[in-house]
Amino acid sequence: MIRRTLEGWNEPSRRRSDGTRWLINRELAPEALGMLGVQEVSRGSRLPAHLLSGAESVTFMLSGKGHWLADGQPWPLTPGEGVFNPPGTRRAFEAAGDQDSLLLVAYGGTADPRDAVPQPADGVLACGCRISRMADAGTSPLREAGGFIDMGVHWLATTQSVGTRAVVVATSTFTPGGSHQLHRHPHADEFFLVLQGGGEHLTKEGPVRLEPGDLAYIPAGEWHGFRTDPGVTTRTVYGYLGAGSLARAGYELLEEET
């Protein structure tokens, strides 16, 4: 498990010239199955139009507001909304004039951060697609596998919803008393970012405290879980790198010793 905190994670060595701060890439985690970063766009500024030829991406708005610059009418984005971009599609965003924007971007399809270097998108018309919340169905692999209490899931970007191949993004809400017992994903890494509330990230070695703004990165095959604080509702955004669905990522519960 690797723990990151978004607030204050702005050392120049971690920041790219376009405002990206890497949370996970091959330099920080050599065996990573994808990449994760945040992009800061100051009020009234634009993220220049570019494309990523070697990676698909999911952009999730954490704070602020703005417009994804699609052809025709721009797409308004507010916190909790986002866009999926297959490889080679146009990425461009403009923050609103009255507040800064913070975007979480998950990259799938490559483990090499050099493949995420922006390339000019001149003449490229395809702009990806907006993602929307899709409630966890009663027949979903997660619900069938079990192992959680008072936890609700909304899938945002999966193979089934928008055609991802190597990345999944979802949100989850743990109501008071909520937990997800120790489990692992053999074929995908997981990232888990606390947006509101707080609790304990569970490992076989013991719990690790997570507050709002804290992110846990869990390599494929590592046991992990979460328990929200007593009386606290915890909201998170999480996902998988290296698979486009939970079924592809794999899901195994740790059997309790008797």
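**Overall fold and a buried glycine**

Among contacts between residues at least 6 apart in sequence, 73% join residues at least 24 apart in the protein chain. The model is a predicted one, and its chain holds 22 strands along with three helices. Of the 258 residues, 51% count as buried. The accessible surface comes to about 11,500 Å², and carbon and sulfur atoms account for 49% of that.

Turning to the strands, six of them make up an open sheet, ordered S2-S3-S10-S5-S8-S12, with antiparallel pairing. Strand S2 (20–24) and strand S12 (129–131) sit at the edges, each pairing on one side only. From one strand to the next, the twist averages 25°. Within this sheet, strand S5 (residues 56–63) and strand S10 (residues 101–108) run antiparallel and are joined by seven bridges. Here Phe 60 stands opposite Leu 104, a residue of S10.

Elsewhere in the chain, Gly 244 is worth a look. Gly 244 lies in the loop that links strand S21 (234–241) to helix H3 (246–249). Its relative accessibility is 2%, so Gly 244 counts as buried, the cut-off being under 20%. Leaving aside residues up to four places away in sequence, Gly 244 touches Thr 158, Thr 159 and Gln 160, as well as the run of Thr 164, Arg 165, Ala 166, Val 167 and Val 168. For one of these contacts, Thr 164, the C-alpha atom is 5.2 Å from that of Gly 244, although the two residues are 80 apart along the chain.

Notes: Residues are numbered from 1 along each chain as its sequence is written. This is a predicted model: local features need pLDDT of at least 70, side-chain atom pairs count only at pLDDT 80 or more; totals for chains, interfaces and linings use all residues. Side-chain values use heavy atoms; hydrogens and water are left out. Two strands pair if DSSP finds at least two bridges between them. Helices (H or I, at least four residues) and strands (E, at least two) are DSSP runs, numbered from the N terminus. Axes are lines fitted to C-alpha atoms, for helices over the stretch in contact, and angles run from 0 to 180 degrees between N-to-C directions. Buried means under 20% relative accessible area, exposed over 50%, partly exposed in between (1.4 Å probe, protein chains only). Contact means heavy atoms within 4.5 Å. Accessible areas come from the Shrake-Rupley method with a 1.4 Å probe; for residues, only the protein chains shown count as cover.
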